[in-house]
Amino acid sequence: MNAVGAVVDREGRVVRGHLDASSGSRRALVEGVEERLAAGGPVQAPPGNTTLTVVATNQRLDRRVLQQLARQVHASMARAIQPFHALVDGDVLYAVSTEEVGNPALDSIGLGVVASELAWDAVLRAVGADP
């Protein structure tokens, strides 16, 4: 993970990124943006950031459902990484299924919710924060 954004834990605290050099504390992105704008400075992030994500399941899913699962999980990652999908990063998610299990009790919404929560856990683990 090499996000341009900060990583936020489940309590909304910034655990990585957006470090205020003067205080040594981490703060919400909006604080830094507002400060730069008030000072008349540009709001620019360094290029070359990206977050690559893979969602792999053994659940049998048709193409449409797998694509929607990918969208749901990727959209949910904006809870953990702020900002997400900025112009200067290359955030991408790949979704694959081995098609091994057909479990009609697990609908696409339930699978998406579980996968989304696991993705947030993975982001937190990637930066050394406990989920």
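**Exercise 1. Work out whether Asp121 is buried or exposed, and find its salt-bridge partner.**

Step 1. Start with accessibility: Asp121 comes in at 16% relative accessibility, so it counts as buried. Here buried means under 20% relative accessible area, exposed over 50%, and partly exposed in between, with a 1.4 Å probe and protein chains only. A quick note on the source: this is a predicted model, where local features need pLDDT of at least 70, side-chain atom pairs count only at pLDDT 80 or more, and totals for chains, interfaces and linings use all residues. Residues are numbered from 1 along each chain as its sequence is written, and side-chain values use heavy atoms, with hydrogens and water left out.

Step 2. Now the partner: Asp121 forms a salt bridge with Arg10, and their closest N and O atoms are 2.6 Å apart. A salt bridge is a side-chain nitrogen of Lys or Arg within 4 Å of a carboxyl oxygen of Asp or Glu.

Step 3. Asp121 is in helix H3, while Arg10 is in the loop between strand E1 (6–8) and E2, so the pair links distant parts of the chain, 111 residues apart. Helices (H or I, at least four residues) and strands (E, at least two) are DSSP runs, numbered from the N terminus. Arg10 itself is partly exposed, at 33% relative accessible area.

**Exercise 2. Find which residues join Arg10 and Asp121 in one salt-bridge network.**

Step 1. Look at Arg79 and Glu117, whose side chains meet in a salt bridge (2.9 Å, N to O).

Step 2. Locate them: Arg79 is in the loop between H2 and strand E4 (81–82), Glu117 is in helix H3, and 38 residues separate the pair. Arg79 is partly exposed at 31% relative accessible area, and Glu117 is partly exposed at 28%.

Step 3. The structure holds five salt bridges; one of them pairs Arg13 with Asp9, at 2.8 Å between the closest N and O atoms.

**Exercise 3. Show which face of helix H2 is buried, and what that face packs against.**

Step 1. Get the helix dimensions. H2 (residues 63–76) has 14 residues and reaches 20 Å from its first C-alpha to its last, close to the 20 Å expected at 1.5 Å a residue. That expected span is 1.5 Å times one less than the number of residues.

Step 2. Sort the residues: Leu66, Leu69, Ala70, Val73, His74 and Ser76 are buried. Seen down the axis of H2, these buried residues fall within an arc of 160°, so they line one face of the helix. The arc is that of the directions from the helix axis to the C-beta atoms. On the other side of H2, Arg64 and Ala75 are exposed.

Step 3. Check the neighbours. The buried residues pack against strand E3 (52–59), strand E5 (92–101) and helix H3 (108–126). Taking Leu69 and skipping neighbours within four places in sequence, the contacts (heavy atoms within 4.5 Å) are Val55, Leu61, Leu111, Gly112 and Ala115.

**Exercise 4. Identify the residues with the most contacts inside the largest nonpolar core.**

Step 1. Recall that a nonpolar core is a set of buried Ala, Val, Leu, Ile, Met, Phe, Trp, Tyr and Cys residues joined through side-chain atoms within 4.5 Å.

Step 2. The largest one has 22 residues, and Leu69, Val73, Met77 and Ile81 have the most contacts inside it. H3 gives the largest share of this core, six residues.
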